[in-house]
Amino acid sequence: MRETTGATGEGTRAVRAGLPEPVKNEPTLPGPVFAAHFHLPGDVEGPYTYGRDENPTWTLLEQAVGELEAPGQDDVQTLVFASGMAAISSVLFSQLRAGDTVVMPDDGYQALPLVHEQLRAYGIQVRTAPTGGDAQRAVLEGARLLWIETPSNPGLDVCDIRRLVEAAHARGALVAVDNTLATPLGQRPLELGADFSVASGTKQLTGHGDVLLGYVCGRDAEAMTAVRRWRKLVGAIPGPMEAWLAHRSIATLQLRVERQSANALAVAEALRDWPEEFAVRYPGLPADPSYKIASQQMRRFGCVVSFTLPTRARAERFLDALRLVDDATSFGGVRSTAERRGRWGGDAVPDGFVRFSAGAEDTEDLVADVRRALRESAD
């Protein structure tokens, strides 16, 4: 594998991450390897035997993600999955057993309550607490695993990863951090002491809204062996084409993150300065409740802004009036999206709550579109 860890710039690292050593007349990034099985005469040996276990296209992508999540740390392993939920499930169900206790956020990703039901069905106790104020710290006693989501989705609260890791480790608990919203260019949970960094690569990591992907990074070899075994048993593997598309997309991650973060801040400032009060949340706003902690552990504050319009009808008029922003779920894409989050029914948010994902459009155009939609929706 080509050595890139000497590069100090994140843009350089993203562009070169996971590339193999150059070979004359071969592509810089080899194409996807479509194979259910590999030639395997004699004894079983070598890295590639069967398509559910390993694939050369995964290997390059895993190397790339590892270089971003933990640059220069050769002891960190990375595994890619078919989706973010597959990655999340791999950690929870490989590390927990009947009788264990897990501490989860009660304001996290919408699908987590379904995960809680399944954990309880397996005899695992689930405790929940809000992300903000490091509230999970108060319910750690006896836990086997602490699950952190920071910033939280969709409320954008932030907790102190270092503080929670210290408290959890003192009680013998492992710590997993959902790093989806931050991306490895926003924060690196392993450097803050976490045992696992988990993310949906469907979002800003790949950034084009055309790939479902997840990954897990971890330093503990035994724990990661269990995660790998879970992936093998349930077959939660990405297709080679998806893995290749993800690797290709990582090359532009730094460029996208810079523009999208700038756009998110500009949209948040425009909403904050509007004559009406919209309860705007964005960790990059100095007045935001999360700003102090976020600025200590995050290098960038992400592409997502949340705010609450007075009514469901106003929010729907606003979304309909936008011209540069698609009404769609998910976040992190190069094209801005927004949605009235309450339509899914799984988040404890007001009817007029909007999750806005800033894309890579020109900042002036995006802000102008938001302002125009606010004016039109107020009529």
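This is a guided tour of selected regions of a predicted model, stop by stop.

Residues are numbered from 1 along each chain as its sequence is written, and side-chain values use heavy atoms, with hydrogens and water left out. In this predicted model, local features need pLDDT of at least 70 and side-chain atom pairs count only at pLDDT 80 or more, while totals for chains, interfaces and linings use all residues.

**Stop 1: the sheet**

Select strands β8, β11, β10 and β9, which form an open sheet in that order, with mixed pairing. Strands here are DSSP runs of E with at least two residues, helices are runs of H or I with at least four residues, and both are numbered from the N terminus. Two strands pair if DSSP finds at least two bridges between them.

Centre the view on β8 (residues 304–308). Antiparallel to β8 runs β11 (residues 353–357), joined to β8 by five bridges. Highlight Ser306 to find its bridge partner in β11, Arg355.

Asp326 has Thr337 as its bridge partner in β10. Helix α10 packs on the sheet, touching β8, β9, β10 and β11, and its direction makes about 160° with that of β10. Contact means heavy atoms within 4.5 Å.

**Stop 2: the loop between β9 and β10**

Select Ser330, which lies in the loop between β9 and β10. Ser330 is not a glycine, yet its phi is positive, at about 70°. With 25% relative accessibility, Ser330 counts as partly exposed.

**Stop 3: two packed helices**

Next, show α10 (residues 312–321) with α11 (residues 363–378): the helices pack at an angle of about 135°, and their axes are 8 Å apart. That makes α10 oblique to α11. Axes are lines fitted to C-alpha atoms, for helices over the stretch in contact, and angles run from 0 to 180 degrees between N-to-C directions. Angles under 35 degrees count as roughly parallel, over 145 as roughly antiparallel, 65 to 115 as roughly perpendicular and the rest as oblique.

To display the contact, select Arg314, Arg317, Phe318 and Ala321 of α10, then Val370, Arg372, Ala373, Leu374, Glu376, Ser377 and Ala378 of α11.

**Stop 4: the loop between β4 and α5**

Most residues other than glycine have a negative phi, and most peptide bonds are trans. Move to the loop between β4 (145–149) and α5 (161–170), where Pro151 lies. The peptide bond from Thr150 to Pro151 is cis, with omega near -10°. Pro154 lies in the loop between β4 and α5, and a cis peptide bond with omega of about 15° joins Asn153 to Pro154.

Finish at Leu156, also placed in the loop between β4 and α5. Leu156 has a positive phi of about 65°, although it is not a glycine. Its relative accessibility is 0%, so Leu156 counts as buried.

Definitions and conventions: Buried < 20%, exposed > 50% of the residue type's maximum accessible area, 1.4 Å probe, protein only.
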